[in-house]
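Take them in any order you like.

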Amino acid sequence: MPRPLRLLMVSSEVETFARTGGLGDVVLGVSRALGARGVDVAIVTPLYGTTRIPSDDVHRWYGTVPARVGWGADDVRYPGVVEVRLAPNVRVFLVDDPGLFLRDGIYEDAFGTFGDNELRFATMSRAALSIAERLWGGTGPDRGPDVIHAHDWHATFALLYARLTMGQAWADVPTVFTIHNLAYQGVLGFDSLDRLALPRGAYHPGCLEHGGLVNLLKGAMSVADRVTTVSPTYAREILQPSGGFQLHHFLRSLSYKTAGILNGIDIQSFDPSRDGAIAANYHADDFAPGRARCKEALVHELGLGDPNAPLFSLVSRLTHQKGIDLLLPIVGNLLEGGARIALVGTGERALERALHALGARYPGRVAARVAFDEKLARRIYAGTDFLLVPSRYEPCGLTQMYAMRYGAIPIVTDVGGLHDTVTPFSAVREEGTGFVAKNPDPLSLLIACDDALTAYSDREGFRRLIARAMHRDFSWTRSADEYLERIYRPITQLRAGL
């Protein structure tokens, strides 16, 4: 009987340990689903000052692992390793280097972005390779990982070191790189090559060089056997000038090895039938009484008065990408239509101030909470009628899937993963799971919201809409199968000459 496939997963975020957004959710979700299929998954991520360890099955490795992050004799760090058995066939390895990671934040703190992030994540990535060697007996035939899968620019070093600096055995290991958001590319100066032990020979337009600078994302995509994005539509959008962030020509040259695989969500954790964070539990076949109780409790919590009024909510990072500013001009229109609005998120200071101002201007009708509050987010999914996701671009997006899981109807722009997950509502054809704005602009968003209000007024039709949304299957099963059958097995067979 063949041994399980060995997968080394490298990421700066892992849900339940430390995360700022969807990256951590994705890494944990797909890893658990792959572990359930018998894959031996090792996830490597830093031990931050904010890391939570959610398991009793924890032990610290004896000694340290070497992590070379420069060419000099002394440019080697020796972090410790904390191993956590998280699920069947899934282990998380926390890179313990207090000088780099024991801080109040993942990428930044109250004073701003950390100035040594490239060193921090180079250490994480190089330590990941040392952990894999120790875990699976070195590298070479029947040793080491069968696949290295790196996520976003922070983990690019794992692929670059394996392919370019660590010898033939590591260079032969099949590799996958996933783009979660092309906007963040890991751009450094030329001096970073020697400082971070990256070969000068890779500094050319076909690999690390871009616009006279070092582009880590570009380099990782160049050396990877396969490149994936987190939705099929986003895989197409990044080939266009409007979505390619100056890399669209390069990405077109890699289209032969690029695939879009839609993210899933953790349907065990996000389950309204047993979620302890919401006021009442319910399921897709009998949701009306439970959702009514959840809405009543949410409206009371937020001070929004009438629980019979249609409730529009937003739970988001407050950034230009997320299109929060597209919503602000139409708030008055929605209120004139009898709606109540809940806005929750943190991010850009100007947008935080705008939320505060709306709450102060419309007390009892607009509730603004500048906070990162996961339990409140769940209460909103369970109690709101509509969830707004007005993104200018969206590689995948998870909130619209969480919303549908809980029976909140998404109102989205027609971009990226939002296009792939939300089917436009049609009362005539009795189909659809949400409302889609044709363009990311205030007028298109207002039209979609007006359509949602019309649908809300048909109580029986709206009940059927909720039922369709709740019955959508967004589990990780499909995505894990795609990674296994479309990505991992083909590249391991190709590398093995099969």
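Predicted model: local features only at pLDDT ≥ 70, side-chain atom pairs only at ≥ 80, totals over all residues.

1. Strand 1 pairs with strand 2 (residues 40-46) in the parallel sense, and the two share 5 bridges. If you want a spot to look at, find Leu 8, which stands opposite Ala 42 in strand 2.

2. Next, a pair of helices. Two packed helices are described by the angle between their axes and the distance between the axes. For helix 4 (residues 156-164) and helix 7 (residues 216-223), the axes come within 9 Å and cross at roughly 50°. An angle like that is neither roughly parallel nor roughly perpendicular, and the two helices are therefore oblique to each other. The crossing is left-handed.

3. Who makes the contact between those two helices? On the helix 4 side you'll find Thr 156, Phe 157, Leu 159, Leu 160, Arg 163 and Leu 164. Helix 7 answers with Leu 216, Leu 217, Gly 219, Ala 220 and Val 223.

4. Is Thr 421 buried or exposed? With a relative accessible area of 0%, Thr 421 is buried. Thr 421 lies in helix 16 (residues 416-421). Leaving aside residues up to four places away in sequence, Thr 421 touches Leu 262, Gln 400, Met 401, Met 404, Thr 433, Arg 472 and Phe 474.

5. On to charges. Side chains of opposite charge can pair when their charged atoms come close. How many salt bridges are there? The count comes to 33. One of the pairs is Arg 3 with Asp 142, whose closest N and O atoms are 2.7 Å apart. Arg 3 sits in the segment before strand 1 (6-10), while Asp 142 is in the loop between helix 3 (117-136) and strand 10 (147-151), so this pair ties together parts that are 139 residues apart in sequence. Arg 3 is partly exposed at 33% relative accessibility, and Asp 142 is exposed at 55%.

6. Arg 478 is partly exposed, with a relative accessible area of 30%.

7. Stay in helix 19 for another pair: Glu 485 and Arg 489 are also 4 residues apart, about one turn of the helix. Their side chains meet in a salt bridge at 2.2 Å, N to O. Glu 485 is partly exposed at 45%, and so is Arg 489, at 36% relative accessibility.

8. Lastly, which residues are linked in a network of salt bridges? Look for Glu 430, Glu 460, Arg 463, Arg 464 and Arg 468.

How values were computed
Residues numbered from 1 in each chain as written. Heavy atoms only, no water. Salt bridge = Lys/Arg side-chain N within 4 Å of Asp/Glu carboxyl O. Buried < 20%, exposed > 50% of the residue type's maximum accessible area, 1.4 Å probe, protein only. Pairing = 2+ DSSP bridges. Axes fitted to C-alpha atoms, helices over the stretch in contact; angles between N-to-C directions. Parallel < 35°, antiparallel > 145°, perpendicular 65-115°, else oblique. Left-handed = near helix turned anticlockwise from the far one by under 90°. Contact = heavy atoms within 4.5 Å.
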